Every structure is written in C-alpha cells, then in structure tokens.
Amino acid sequence: MVALRVWLSDPSPSSRGQARLGQFWLGWLRLRRNPLAVSGLAIVGALLVIAAFAPVLAPHDPLAQDLSRRLLPPFTPGNLLGTDDFGRDILSRIITGSRITLYIVGLVAVTAPFLGLLVGTVAGYFGGWTDAVLMRITDIFLAFPRLILALALVAVLGPGIENAVLAIAVTAWPPYARVARAETLTVRNSDYIAAVRLQGAGVPRIILGHVVPTCLPSVIIRVTLDMAGVILIAAGLGFLGLGVQPPLPEWGLMISSGRKYLFEQWWVSTMPGLAIFIVSLGFNLLGDGLRDVLDPKSAPK
Amino acid sequence: MADTSHSSAQSRVAAIAIRIATELATLAVTLLGLLLMTFLIGRVVPIDPVLSIVGERATTEQYDAARLKLGLDEPMWKQFAIYVGDAAQGDLGQSIRTGEPVLEEIARYFPATLELATLATIFGVLVGVPAGVLAATRPGSLADQVVRILGLIGYSIPVFWLGLIGLLVFYGMLGWVGGPGRLDSGFQMLFEFEVTQYTGMILIDTALNGRWDMFANAFSHIVLPAGLLGYVSMAYISRMTRSFMMNELGQEYITTARVKGMPEWRVVWIHAMRNVLVPLITVIALSYAFLLEGSVLTETIFAWPGLGSYITNALFAADMPAVLGGTVVVGAVFVALNMLSDILYRVVDPRAR
C-alpha cells in the first residue's frame, strides 16, 4: 500500500501510464479534501449501487398492485415509505426507478457530448466557413429554450423513454460543441498536431486520435455538471406525462400521479420528489468538486 | 485638431452602424433557424393537419380542397417561405381546438406568465444580490456556507415538486396564501367585468382601478409561486454575484480605495458593484428567460392560466399549431432577452462599446 502510494506520487514517473495514474491520484487527494464533493460522490455512488442491485434491494414488486393496502402512510410495517393509489410500495418503486433515471442520464451523457464533440472539433479544426456555419447552428440551438424544444420534439416523436432521451440529447449538445471548439482552437496549430500531419495522418485520424482526447477533460466536467439538469428535465417530461409511460416507476411520473392526493396523502408525491432532489444534488456537488480539482482557476479561494 | 476628432467621431459612428447591422443579421438568422425548426417539427408530426381540419368523414374532394388551401401541395422550400412570410406578419396559424389565430390566444395568456416571472425575478434579485455580496465579502464564513448550500439546493430541486410542497405546506397546512389560480373564484368574475384591463397583469390592473381588495387577493395567490420561482433564480443569481464580486475585490483599484481609507460598504457597494453589474445583467436576463421557459411546469401546478399552461394544454389536445406557435413565441422572447442583455452590457461597460 505504501509502495503504491510512493509509486503514484513519484515526481519523475518512468512511464506514461504511471504519470497518468499519478495525476488521477493527486486529483483524488484534492477531491477528498472537499467534503461537499465527497458527499456528492457518495450520493452518485449510492445511486449506482442501488440501481445495480435494485431487484435485490426492493422489498416488494414495484408493479404489484394491492388495492386493500392503498395509500398507506410512511412507516407502515412492510411499507417503509407508504403505498401509492394502487397499493404499490413506494420505496420499491423509487429503488426500481433509479434504474430508469440512470438509463436516461447514461444515454444522454453518451449521445449529447458525442454530437457536441463532433461539431466542435470539426468547426475548430477546419475554421473558416465550416466554423462559421457550424457555430451559427450551435448558437441557434443555444438560443432555444431547452425544455420547450424538448417538449415540442416529444410531441412529434410521441411519448416514451427513448424519445425523451433523444429530445433531451438534441437540446443538450450545443454547450459541448462550444467547449470542444475552444479546446480545439488552442491545440490546432501546436507542433504535435503539425508533426502528426507531416507523418501523413488524415483528418479523421488527427481529430479522433489527437484533438478529441485533449477536449475530453473539460467535456467530462461539463457532463457531470449537466447531469443534474438532465435529471430535472427528464423528470419534468415524466411529470407532464410525455416521458416514461405508466406503470413504469419513473420518479417524475410518480410525483404527477400523487398530485391528486397531495393534501391528504402527501407522501405519494413527496417521496419520489425527494429522490430526484437528492440525486440531482449529488451530481451538482460532484460536478462542483470536479471542476475545482481539474480547473484550479475557478476554485473558490 | 478639430479635424481629427471629427473624423474619429465619424469612424465611431460607422463602427456602431456596422455593429448594429451585424447584430440585426444575427438576430434574423437566429429567428429564421427557430422558424425552420418549428416548421420541420410541424411537417414530421404524425398528425395529419388536413384531416384535423376537415374531419374524418370528409370526402376526397373536400380533403383535396383543404390540402390545396393549406399549400401542402407546394414544394417544401416554398411552404417554408410562406410560413416565414406569415410569421413575419404575425400569423402563426390557427388553433385547431378553437379556430382562433394562435397569436391572439397567446397574447391573452402571456401577461399572466410575464407577471409571475417578473415578480419572481424581482424577488430573486432583491435577495440574491445581497446574499452573493455577503458571501463574497466573508468567504469561508458561516454566511458564505449557508448561501452556498441554499444555492445548491435551489439548483438541484425539481421546481414542479417544490411547487407541490409549497402548496401543501403554505396553503394546505398553514393556510397563509391563496391556492391555485390567480384569484379566488368569487373574484374571478368580478375581475372580468368590473376591472378595466390595461395590461392583463392582475396586480397592475387592480391597482390602476383602485380595487385594493382584489389586489390583496391576487397578491395572496401570486406570492407563493413567485416566491418559489424567485428562490430558484435567487440560487443562480447569488452564486454568480458571489463569484463576480470575489473577482472584483481582488483587483488593485479596490486595494487603492481601501488604502485611501474609504469605508468598506462604499468600496463594496459603489466601487466594486459598478463592475459586478456588467456581467450580472446577463445573468439576470438569463434567469428571467429561464423562468419563462419553466412556466410550462410551474403553471400546471398552480393552475396559472399563462403561456406554459397554454402550451401544455395544446399538447394534450394534439393542437400542433398552438404548440409550435407557443414555442416560436417563447423562443423569440428568449432571443430578444439575450440581445437586450448584450445591448445593456455595452451601455454599462464602456470597454465593450
């Protein structure tokens, strides 16, 4: 263990792998000193674990209805967070719903940055007219209200989890394009890119192999910070009935189904809302911490 | 000497003219892009626009006549040109549900949204700016931590859920505020008939008419949604104010002012604040635009008859012209706010002129 630590913090690493792992180690040490970031990491970690073991952790079948046990309050024996209007166990539904949230977040986290990286690196690398046109398109998308655009798209595509993901991804890529373009501009004229070009590498190879990797760190921070927003938009679409469809236990949908009982059976809406809040808080805390670690300029002094 | 200053003034006018021209061109391209997007969405929608007008039992002739009238036999680019031309004249099509022009309907719904978002932004600025300044002047203190955590909560909370909880606590349990809607139902009819509607914003109209009983009732209804939305925008504004202020307070002119013996409140609120205001304008405009957009979710909760309710109701009635018209309007307001903040930025900051 001690040897590993010494190896990781070696000021003169003997291989590229060692240097890279050493960087991660130093970053981790900095992140660990920030209690808010650590709690964010804990929340996101807990979400991953809960989603992975959802069928084991959920005390009941999230879809099993029992009309004799409907709208039971929290702390009822057997139903820790109470039951909803169909007598389904709310805790089990929240636990299972974590999978849906993670699924949406994961898909958006893959597709939106991919699109943004593609547009941003191409615009930055070629410059000139390509850049002007692509960035104009990006600006147009940025000028749109995200939620309303997603709403209109879902209205066209029809409600459902995949369409919600698509609508969110279509509205989420422009910031990534901006970030990627800025990073590309800083490396475009550097010597190592010129060297690769002189060796005869084609444009796709230069962009994919040498430009994209330099953009990745800033894009990853952006993704983490964005995830909270994605969760909130997805929940909003679910709440409006345009995202995931019943009877699936999506958190936004659960809030909306509890609205009818708000004043008498408050827990039906409150519990899934708490889940959304905690998870999105977790991503925000982690994103903030990551930014402080990876980009010391913006760290609060 | 007089000659050179004359020519420099001339070149400045020319520079401003060029800037305004580029700005307008950008605006035009952005709006065109917005229209292209809604146009494309409208064309791929699985609802047949002809069928929704003539009905299921129309004959082929009737169907074809309606199709011709809508211009659906023209090539795509021509249809788009017609769409843009109509939109430029304020024609966003007709609502399928009511047969009324979409823009007229929106004009009726919009003041309610505007009133809510404006009041919320006022709350957000009045609380958010002092909170951000407080946090920036005492970094690491308890006040700073509290502001940071309140901000993070505001960032992370689903606003529609916050609305439900607010209704549950302040209306259902405590009874401190009016419930959903803009007025008690008893006042609703009175408002329609006895109040001259100058602006469509209840607080302003009732005040202008001297109906303070109605004003008080309307205030009890708007205070909860405006307060909750104000909290969300406060989260954003306080956080940005803090970081702008921290940045300013590290500058040398601040040290100079302090060395001169200037009182600290003057250093912060007069000297630093003037420079913080510049980027803060953009932040406030953005949070305002965000509230207009968020109205889609919050208005459902509070039964608030605004633009957001209009769009969502149209959505569920498959009234696509109304949905897309609403999207165009919100998008255009978004673009306008962005541009306005750009212009204000130049007015406040001489370096950006």
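Q: Which residues in α12(B) does α7(A) meet?
A: In this predicted model, the α7(A) side of the contact is made by L147(A), I148(A) and L151(A). Across from them, the partners in α12(B) are E293(B), G294(B) and V296(B).

Q: How do the residues of the contact of α7(A) with α12(B) divide by class?
A: Let's sort this contact between the two chains into its classes. One residue is charged and one is polar. The nonpolar class holds the remaining residues, and its count is 4.

Q: Are α7(A) and α12(B) roughly parallel, roughly antiparallel, roughly perpendicular or oblique to each other?
A: The axes of α7(A) and α12(B) lie 8 Å apart, and the angle is about 50 degrees. Roughly parallel would need an angle under 35 degrees, and roughly perpendicular begins at 65. The angle therefore falls in the remaining class, and α7(A) is oblique to α12(B).

Q: What about α12(B) and α14(B): which class describes how they run relative to each other?
A: Here we stay within chain B, with α12 spanning residues 264-301 and α14 spanning residues 320-348. Their axes are 9 Å apart and the packing angle is about 170 degrees. Angles over 145 degrees count as roughly antiparallel, so α12(B) and α14(B) are roughly antiparallel.

Q: How many nonpolar residues are in the contact of α12(B) with α14(B)?
A: This contact has 1 charged residue and 3 polar ones. Its nonpolar count is 15.

Q: Which helix of chain A gives the most to the side that touches chain B?
A: Zooming out to the whole contact, chain A and chain B each put in 35 residues. On the chain A side, α6 (128-142), α7 (146-157), α10 (203-239) and α12 (267-294) each supply at least two residues. With 9 residues, the helix that gives the most is α12(A).

Q: How many nonpolar residues does the side of chain A that touches chain B have?
A: By class, this side includes 6 polar and 4 charged residues. The nonpolar count is 25.

Q: What percentage of the residues in chain A is buried?
A: Chain A has 12 helices and 0 strands, and its C-alpha trace spans about 75 × 55 × 35 Å along the principal axes. Of its 301 residues, the buried share is 44%.

Terms used
Residues are numbered from 1 along each chain as its sequence is written. Chains are lettered from A and ligands numbered from 1 in the order in which they are written. This is a predicted model: local features need pLDDT of at least 70, side-chain atom pairs count only at pLDDT 80 or more; totals for chains, interfaces and linings use all residues. Two residues are in contact if their C-beta atoms, placed from the backbone, lie within 7 Å. Helices (H or I, at least four residues) and strands (E, at least two) are DSSP runs, numbered from the N terminus. Ala, Val, Leu, Ile, Met, Phe, Trp, Tyr, Cys and Pro count as nonpolar, Asp, Glu, Lys and Arg as charged, and the others, Gly among them, as polar. Axes are lines fitted to C-alpha atoms, for helices over the stretch in contact, and angles run from 0 to 180 degrees between N-to-C directions. Angles under 35 degrees count as roughly parallel, over 145 as roughly antiparallel, 65 to 115 as roughly perpendicular and the rest as oblique. A residue is buried if 20 or more other C-beta atoms lie within 10 Å of its own, exposed if 12 or fewer, and partly exposed in between; C-beta atoms are placed from the backbone.
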